[in-house]
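Subject: Structure handover

Hello,

Here is the structure you are taking over. Please keep it open while you read the notes below it.

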Amino acid sequence: MMTKENILYRDQNCIIVNKRIGEAVEGASGGMVDLRAETARYIAGPAALAEEGTVLPNVAVVHRLDVPVSGCVVFALNENATQVLNAAFAETRVRKLYWAIVEAPDGGDEVPLSTTRWELNHYLEFDSKSNKSKAWTEKGPGRRRATLFYTIIGKGDRYRFLEIELVTGRHHQIRAQLAAAGLHIKGDLKYGSRRSEKGGGIRLHCRALSIPNPADPKKRIEALAPVPEADALWLAFEAAYQA
């Protein structure tokens, strides 16, 4: 059940929610939480839900996170906000920052720890049968350009801490592009991780969103999502980030 602690930002036009691992943004199946529906119920409130025949408020999906991913998700609450935010995402006017914990590359790490931003450019091809994207270095039929930047925030013997700025928004983009670069997100078996996470999910978190304000697109709305759990790895990431 959604609580006030899950809400990162809310006004009459949009709401930003801290998605939990295992929730579907919409279209949930098999007992999975449908975040769009949960958000609509939260906005309606318990009093309205108790009344027979209550119509839930309109909550529109303008972007998505994969089920095993956590962090910031924004929903539009009216037609104008939906149009403004859909256009902003399509035109890459949304700033999307992710945190990822990746396995150390086999044979060591040739990239030094630094504040350098590394750029990845690929062409992604989606396979609906496997629900997986493949990253290519060259153009081809059905392939879509994908760009991201990443910085290595910290490192240990077995893991690297990456902050990622996602420029485009393709299916499984971060997961596929990092895997193509030899950087496998912890727990992401689909894209080459060595082992799964005990609690499910993968170590990819949408840490921050900056979006145009639908009420005044010259202004922006900022949201920051706490990490999904305060375990040793996420605490180490936060410590490295603040160092």
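The sulfur of Cys206 lies 4.7 Å from the closest cysteine sulfur, in Cys72, which is too far for a bond. A disulfide is counted when two cysteine sulfur atoms are within 2.5 Å, and the structure holds zero of them. In general, a disulfide is a covalent bond between the sulfur atoms of two cysteines. Cys72 is buried, with a relative accessible area of 0%, and Cys206 is buried with a relative accessible area of 0% too. Buried means under 20% relative accessible area, exposed means over 50%, and partly exposed is in between (1.4 Å probe, protein chains only).

Two notes on how to read this. The model is predicted, so local features need pLDDT of at least 70 and side-chain atom pairs count only at pLDDT 80 or more, while totals for chains, interfaces and linings use all residues. Residues are numbered from 1 along each chain as its sequence is written, and side-chain values use heavy atoms, with hydrogens and water left out.

Next, the strands. Helices (H or I, at least four residues) and strands (E, at least two) are DSSP runs, numbered from the N terminus. How many of the six residues of strand 2 (residues 14-19) are buried? Six of the six are, so strand 2 is largely enclosed by the rest of the structure. On one side these are Cys14, Ile16 and Asn18; on the other they are Ile15, Val17 and Lys19. In a regular strand the side chains alternate between the two faces of the sheet.

Two strands pair if DSSP finds at least two bridges between them. Strand 2 pairs with strand 1 (residues 7-10) in the antiparallel sense over three bridges, and Ile7 stands opposite Val17. These two strands form a hairpin with three residues between them. Strand 2 also pairs with strand 4 (residues 70-76), again in the antiparallel sense, over six bridges. There, Cys14 stands opposite Ala76.

Now the cores. A nonpolar core is a set of buried Ala, Val, Leu, Ile, Met, Phe, Trp, Tyr and Cys residues joined through side-chain atoms within 4.5 Å. The largest one has 48 residues, and those with the most contacts inside it are Val74, Phe75, Ile164, Ile174 and Leu178. Strand 4 gives the most to this core, with five residues. Another core, of nine residues, lies apart from it and includes Trp99, Ile153, Val227 and Trp234. In soluble globular proteins, nonpolar side chains tend to be buried together.

Helix 4 (residues 232-242) has Leu233, Trp234 and Phe237 as its buried residues. They cover an arc of only 95 degrees around the axis, which puts them on the same side of helix 4; the arc is that of the directions from the helix axis to the C-beta atoms. What covers these residues includes strand 5, strand 8 (143-155), strand 9 (159-166) and strand 10 (204-213), where contact means heavy atoms within 4.5 Å. The face turned away from the buried side carries the exposed residues Ala232 and Gln242.

Last, a loop. Where is Glu91? Glu91 sits in the loop between helix 2 (79-90) and strand 5 (95-103) and is partly exposed, with a relative accessible area of 47%. Its side chain makes a polar contact with the side chain of Arg93 (2.9 Å). A polar contact is a pair of N or O atoms within 3.5 Å; within protein, one must be able to donate a hydrogen and the other to accept it, and residues adjacent in sequence count only if both atoms are side-chain atoms.

Regards
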